[in-house]
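Please open the model in the viewer and keep the selection panel at hand. The stops below are to be taken in order.

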Amino acid sequence: MTFSLTREEKHANSNLRSKSPGASVGIFGSCKFQRTSLFTILLLLLILLTPFHPLLAGDPFEEKRQTMVERDLKGRGIKDPRVLEAMGRVFRHLFVGESKREQAYGDYPLPIAEGQTISQPYVVALMTEAVTLKPTDRVLEIGTGSGYQAAVLAEIVKEVYTIEIRKPLAETASKRLTQLGYKNVRTKYGDGYFGWEEVAPFDAILITAATNHIPPPLLQQLNEGGRLILPLGSTTFHQTLTLITKEKGDLRVQEMGGVIFVPLVGEGEKKR
Ligand code: SAH
């Protein structure tokens with residue numbers, strides 16, 4: 001921090017310096033000097049008290065969040081710097097209820113409203129890394145939930161579209177994302193099974209709820225070369241995180257390990 005003195009203050013200071021060595025100048029000997037001292041004292045008080053004021057204290061979870069990035073993401077093999085930086089930036093504690101904030105940076109899923117869950121940080125990172133995002137990409141997420149995954153995506157790509165079938169969750173997440181300043185995310189209340197025709201196609205699609213088959217409309221709305229990731233398998237037990245890449249009309253399928261997600265409901269459920 002730098003300060004520049006006003007002309008009067010410089011003058012007052014030079015007056016002080018020009019006194020003969022023996023002359024004593026009390027702290028409040030000059031009115032202008034008094035003003036400068038008071039200003040300094042107030043500034044020092046402000047600097048000292050800032051960490052104790054909730055509005056000025058900055059982010060109380062910074063350390064926990066960086067530990068999460070180092071230990072649970074980098075430590076478990078996540079390498080994409082864009083994903084690591086994004087997850088180091090997004091305030092996960094603001095996507096859970098107040099009583100869960102202290103647990104927000106643990107590597108486990110947490111309950112949110114409507115009996116749903118926010119995925120564990122490692123799984124969010126794994127899915128985000130798997131779809132190899134570029135800053136120019138347009139991404140669709142099915143299952144907005146808390147809005148956390150959408151926020152992580154919004155830190156990385158140009159446009160994020162996210163669909164949530166439970167109205168209270170869709171509304172809360174949309175408000176939260178707006179309040180946090182995410183201007184590149186659009187939230188829709190509806191059944192994600194059918195995708196978002198008006199704004200398709202997408203470079204990447206993330207389905208964050210379990211399904212036993214890939215919704216055909218989502219495959220149609222995926223760009224050539226696009227990537228789709230989903231927990232595929234039983235909707236009541238566990239699933240395999242599966243990455244689909246559209247290559248010249250064909251689908252390349254890669255299995256990435258076991259996961260447990262809440263089920264995709266609506267149209268997807270009927271076709272179980
Ligand atoms: N991605 C979320 C967590 C997902 S939990 C986050 O970051 O917090 C799965 C979400 O998918 C739930 O909120 C659930 O209501 C929603 N969901 C289930 N079926 C859906 C469907 N057919 N269309 C859209 N959302 C659906």
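**Stop 1: R82 and its helix**

Begin by selecting R82, which lies in helix α4; helices (H or I, at least four residues) and strands (E, at least two) are DSSP runs numbered from the N terminus. Residues are numbered from 1 along each chain as its sequence is written. The model is predicted: local features need pLDDT of at least 70, side-chain atom pairs count only at pLDDT 80 or more, and totals for chains, interfaces and linings use all residues.

R82 counts as partly exposed because it has 17 C-beta neighbours inside 10 Å. On this scale a residue is buried if 20 or more other C-beta atoms lie within 10 Å of its own, exposed if 12 or fewer, and partly exposed in between, with C-beta atoms placed from the backbone. Contact requires C-beta atoms, placed from the backbone, within 7 Å. R82 and I156 are 74 residues apart in sequence, yet their C-alpha atoms are 6.5 Å apart in space.

Now select the whole of α4, residues 81-89; its buried residues are V83, A86 and M87. Viewed down the axis of α4, these buried residues fall within an arc of 95°, so they line one face of the helix; the arc is that of the directions from the helix axis to the C-beta atoms. An α-helix has 3.6 residues a turn, so residues three or four places apart point the same way. On the other side of α4, P81 and R89 are exposed. The cover over the buried residues of α4 includes α3 (62-73), α5 (121-130) and α6.

**Stop 2: the sheet**

Select the open sheet of 7 strands, whose order is β5-β4-β3-β6-β7-β8-β9 with mixed pairing; two strands pair if DSSP finds at least two bridges between them. β5 (185-189) and β9 (250-259) stand at the edges with a single partner strand each, so one side of each has no neighbour in the sheet. Neighbouring strands are turned against each other by 15° on average, direction ignored. Axes here are lines fitted to C-alpha atoms, for helices over the stretch in contact, and angles run from 0 to 180 degrees between N-to-C directions.

Within the sheet, β3 (residues 138-142) and β4 pair in the parallel sense over 5 bridges, and L140 stands opposite Y161 in β4. Helix α7 (residues 167-179) packs on the sheet, touching β4 and β5, and its direction makes about 165° with that of β5.

Move on to β7 (residues 222-233) and β8 (residues 239-247), which pair in the antiparallel sense over 7 bridges. They form a hairpin with 5 residues between them, and L230 stands opposite T242 in β8. T242 also has a bridge partner in β9, namely E255; β8 and β9 pair in the antiparallel sense over 8 bridges. In their hairpin, which has 2 residues between the strands, K248 takes a positive phi near 50°.

**Stop 3: the ligand**

Which residues are closest to the ligand? Of the 25 that surround it, the closest are G143, G145, S146, Q149 and G192; a residue is near if its C-beta atom, placed from the backbone, lies within 6 Å of the molecule. The elements that give two or more residues to this shell are β2 (117-118), α6 (148-156) and β4 (159-164).

Definitions and conventions
Contact = placed C-beta atoms within 7 Å.
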